[in-house]
Amino acid sequence: RLMLERSKRAPAVLLFEDLHWIDSATGVFLENLVDATGASRTLMLVNFRPEFRAEWTGRSYYQQITLAPLDASAFREMFAEVLGDDPTVRGLPERIHDRSAGNPFFAEEIVQELIESGALEGARGQYRLTASLDTLAVPATVQAVLAARIDRLPEQHKRVLQTAAVIGRDFSRALLARVAELPDADLDASLRGLVQAEFLIETALYPEAEYT
């Protein structure tokens with residue numbers, strides 16, 4: 001009733017992300033919300049990984065758009081500006097495409113791993129491989145890439161990242177400070193380092209700093 005009454009005043013869009021992580025109680029709530037949305041002026045947008053299953057995806061008013069993996073040509077375009085055109089990096093986008101199966105997030109993490117490990121040297125648009133493409137060790141999974149990158153972090157950065165991960169996906173600086181028990185200067189230095197390394201994203205500055 002609330003959904004229908006609200007939609008009489010104005011249309012709305014609801015967005016729910018990463019449904020593959022929701023718990024069973026949230027799943028029940030979402031199913032009821034889907035039923036209420038069908039007869040209202042409300043557009044509900046959701047995204048999820050292929051393994052997610054729900055009965056409401058069989059509703060007549062449900063439409064699914066599948067995002068296919070990127071092909072090799074898209075990878076060449078994606079990394080052309082990042083890698084540059086040095087002869088040593090020719091063929092690298094195709095190698096990354098094969099290993100990542102077209103997943104752009106996995107691919108970006110692989111490139112970051114190669115840069116941090118020293119396999120790629122130079123600057124954006126001017127990188128070169130320090131080893132033969134045939135002997136280049138490319139991690140097999142996203143987990144392996146992230147584990148290797150985390151392992152190279154300074155111990156304090158690693159500790160802050162692990163503490164943040166225990167708190168949850170989203171957290172405030174104030175809560176992290178209480179749990180991490182580090183001096184403010186050290187905590188802020190680690191947060192800056194983790195943001196710069198793209199392990200964290202700053203989502204709010206006011207009234208207090210928040211991160212994902």
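1. Two strands are treated as paired where DSSP finds at least two bridges between them. By that criterion, the two bridges between β6 and strand β7 (residues 210–211) are enough to pair these strands, and their direction is antiparallel. Within this pairing, Glu202 has Tyr211 of β7 as its bridge partner. The structure discussed here is a predicted model, and the points below should be read accordingly.

2. The sheet to which this pair belongs is open and has three strands, in the order β5-β7-β6, with antiparallel pairing. β5 (171–172) and β6 (202–204) are the edge strands; each has a single partner strand, and therefore one side of each lacks a neighbour in the sheet.

3. On the overall fold, the chain contains nine helices and seven strands. Its radius of gyration is 22 Å, whereas the globule rule gives 17 Å for 212 residues; the chain is therefore more spread out than a compact globule. The C-alpha trace spans about 65 × 50 × 30 Å along the principal axes. Buried residues make up 32% of the 212 in the chain.

4. Strand β1 (residues 12–16) and strand β2 (residues 42–46) run parallel and are joined by five bridges. In this pairing, Leu14 stands opposite Met44 of β2. Together with helix α2 (residues 24–37), the two strands make a β-α-β unit, and the unit is right-handed.

5. Which residues form the nonpolar patch on the surface? The patch consists of Val13, Leu15, Leu43 and Leu45, and the accessible area of these residues together is about 380 Å². Both β1 and β2 contribute, each with at least two residues. Leu43 belongs to strand β2; with a relative accessible area of 46%, Leu43 is partly exposed.

6. The loop between β2 and α3 (72–83) contains Arg49. This residue is partly exposed, at 40% relative accessible area. Arg49 and Asp18 are 31 residues apart along the chain, and 7.3 Å separates their C-alpha atoms.

7. Turning to charge pairs, the count of salt bridges is 14. In general, side chains of opposite charge can pair when their charged atoms come close. One of the pairs is formed by Lys8 and Glu5, whose closest N and O atoms are 3.0 Å apart. Both residues lie in helix α1 (residues 2–9); because they are three residues apart there, about one helical turn separates them. Lys8 counts as exposed, with 59% relative accessibility, whereas Glu5 is partly exposed at 43%.

8. Where do the two residues of the salt bridge between Glu31 and Arg59 lie? The N to O distance of this salt bridge is 3.7 Å. Glu31 is in helix α2 and Arg59 in the loop between β2 and α3, so the pair ties together parts that are 28 residues apart in sequence. Glu31 is partly exposed, at 28% relative accessibility, and Arg59 is also partly exposed, with a relative accessible area of 24%.

9. Arg59 forms a salt bridge with Asp35 as well, and here the closest N and O atoms are 2.8 Å apart. This pair links distant parts of the chain, since Arg59 sits in the loop between β2 and α3 and Asp35 in helix α2, 24 residues apart. Asp35 is partly exposed, with 38% relative accessible area.

10. Glu109, Glu113, Glu116, Arg149 and Arg152 are linked in a network of salt bridges.

Definitions and conventions. Residues numbered from 1 in each chain as written. Predicted model: local features only at pLDDT ≥ 70, side-chain atom pairs only at ≥ 80, totals over all residues. Heavy atoms only, no water. Helix = DSSP H or I, 4+ residues; strand = E, 2+ residues; numbered from the N terminus. Right-handed = clockwise from strand over helix to strand, strands pointing away. Patch = residues over 30% accessible without salt bridge, like charges linked within 9 Å, V, L, I, M, F, W, Y side chains within 5 Å. Areas by Shrake-Rupley, 256 points an atom, 1.4 Å probe, with all protein chains shown as cover. Salt bridge = Lys/Arg side-chain N within 4 Å of Asp/Glu carboxyl O. Buried < 20%, exposed > 50% of the residue type's maximum accessible area, 1.4 Å probe, protein only. Rg over C-alpha atoms; globule rule 2.2 N^0.38 Å.
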